[in-house]
Amino acid sequence: MAAHPNSRGTGVRIGVHAGGEDPVGDAVAVGASAVQVFLGPPQSWKGPSFPHPEGAAGLREQAAGLGVDLWVHAPYLINVATTNNKVRIPSRTALVKQIRAAADIAALGLVVHGGQVPEGEDLAAGYANWAKAADAAAEVMVQTGLPVLIENTAGGDNSVARTLDGIKRLWDAVGDRGFGFCLDTCHAWAAGIDLPEAVDRVLAITGRIDLVHCNNSRDEFGSHRDRHANLNEGQIPVADIIETVRRANAPLILETAMEGQPDDIATLQSALSSH
Ligand SMILES: [Zn+2]
């Protein structure tokens with residue numbers, strides 16, 4: 001892999017999630033070579049909108065000019081798995097809009113959570129709903145060349161992509177339609193999936209890990225809680241995070257507190273450059 005000027009020769013692209021008005025600037029400021037953004041308010045059906053004064057083209061050109069890769073995280077409201085029509089129907093529409101918007105900024109992928117069914121309902125309905133949503137999404141993925149990456153989530157027995165068994169059922173539902181996978185280390189830990197073994201076990205199901213959300217956790221193993229921590233400040237042993245990242249061999253996005261991101265990046269760079 002060619003070394004990027006910002007990657008300092010480690011080979012793996014290390015990025016950060018940035019939620020402000022100048023995400024590319026924020027990424028460069030902490031020494032990252034990629035940035036994950038929201039295209040619109042994460043807790044709203046509004047959007048897509050673009051965090052740049054000149055819109056999609058402005059954001060795309062700024063990132064390209066600085067050699068920063070762009071990734072998009074879909075709004076948290078999107079839940080194509082749910083049996084609640086008032087959420088599922090707008091979720092499908094919003095997902096397609098987000099794919100197009102992510103393609104407009106030449107992002108490398110759109111991350112979306114697996115979602116959940118309402119408390120007490122059968123998870124089977126969630127996988128069936130994913131199968132239905134997958135056709136429309138796959139069509140736009142083909143048109144735009146923009147992959148949707150489904151992310152494992154931390155908590156709740158009603159979540160469709162929490163356990164390895166859930167991920168297997170989800171992959172059976174979406175089939176061979178070109179979906180990718182985003183492995184979140186904090187979510188896996190919270191869900192009780194051992195790291196770094198998670199990598200091989202997920203790969204055995206999905207055949208691919210396109211992106212790693214590289215986060216430590218403030219809570220204990222199997223807590224079902226989704227509270228990210230900077231890499232050296234959480235309960236996951238840092239060595240396990242490093243080994244997970246090494247085995248996944250995919251680009252990284254830190255969804256950690258910005259103040260600690262320069263230290264997170266330094267930790268990853270020194271661990272990944274030494275053999
Ligand atoms: Zn994540």
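Predicted model: local features only at pLDDT ≥ 70, side-chain atom pairs only at ≥ 80, totals over all residues.
The buried set in helix 4 runs through Leu123, Gly126, Tyr127, Asn129, Trp130, Ala133, Ala134, Ala137, Ala138, Val140 and Met141.

Helix 4 itself has 22 residues and spans 31 Å from first C-alpha to last, close to the 32 Å expected at 1.5 Å a residue. Where does helix 4 kink? The kink is about 35° and is centred on Ala134, which is also one of the buried residues of this helix. At the start of helix 4, Asp122 puts a side-chain oxygen within 3.0 Å of the backbone nitrogen of Ala124. At the other end, the helix is followed by Gly145, with a positive phi near 75°.

Gly145 sits in the loop between helix 4 and strand 5. Is Gly145 buried or exposed? Its relative accessibility is 59%, so Gly145 counts as exposed. Its C-alpha is 29 Å from that of Thr163, which is 18 residues away along the chain.

Helix 5 has its own buried set: Leu164, Gly166, Ile167, Leu170, Trp171, Ala173 and Val174. These residues pack against helix 4, strand 5, strand 6 and helix 7 (197-206). Just after helix 5 comes Gly175, with a positive phi of about 60°. Asp172 also belongs to helix 5, but at 52% relative accessibility Asp172 counts as exposed. From Asp172 to Thr82 the C-alpha distance is 17 Å, across 90 residues of sequence. Over in helix 7 you'll find Ala198, which is buried because its relative accessible area is 0%. Ala198 and Leu183 are 15 residues apart in sequence, with 8.7 Å between their C-alpha atoms.

Now for the metal. Which residues hold the zinc ion? Glu151 (OE), Asp184 (OD), His213 (ND1) and Glu255 (OE) coordinate it, at 2.1 to 2.3 Å. Along the sequence, these donor residues follow the spacing E-x32-D-x28-H-x41-E. Glu151 is in strand 5 (residues 148-151) and Asp184 in strand 6 (residues 180-184), so this pair ties together parts that are 33 residues apart in sequence. Why is the arrangement called irregular? The 4 donor atoms subtend angles of 86 to 174° around the zinc ion, which makes the arrangement irregular. For four donors to count as tetrahedral, all angles would have to lie between 85 and 135 degrees.

| Side chain | Backbone nitrogen | Distance |
|---|---|---|
| Asp122 | Ala124 | within 3.0 Å |
| Ser217 | Asp219 | 3.0 Å |
| His52 | Glu54 | 3.0 Å |

Take Ser217 first. Ser217 lies in strand 8 (residues 216-217) and is buried, with a relative accessible area of 0%. What does Ser217 contact, leaving aside neighbours within four places in sequence? The partners are Cys186, Trp189, Arg227, Ala229, Gly234, Gln235 and Ile236.

Then there's His52, which lies in the loop between strand 2 (34-37) and helix 2 (55-66). With a relative accessibility of 17%, His52 still counts as buried, because the cut-off for buried is under 20%. Not counting residues up to four places away in sequence, His52 touches Glu21, Gly58, Leu59 and Gln62.

Definitions and conventions:
Residues numbered from 1 in each chain as written. Heavy atoms only, no water. Donors = N, O, S within 2.8 Å, 3.2 Å for Na, K, Ca; no water. Tetrahedral: all angles 85-135°; square planar, octahedral: opposite > 155°, others 65-115°. Helix = DSSP H or I, 4+ residues; strand = E, 2+ residues; numbered from the N terminus. Expected span 1.5 Å × (residues − 1). Bend = angle between axes of the 7 residues up to and from the residue. Buried < 20%, exposed > 50% of the residue type's maximum accessible area, 1.4 Å probe, protein only. Polar contact = N/O pair within 3.5 Å; in protein donor to acceptor, adjacent residues only side chain to side chain. Contact = heavy atoms within 4.5 Å.
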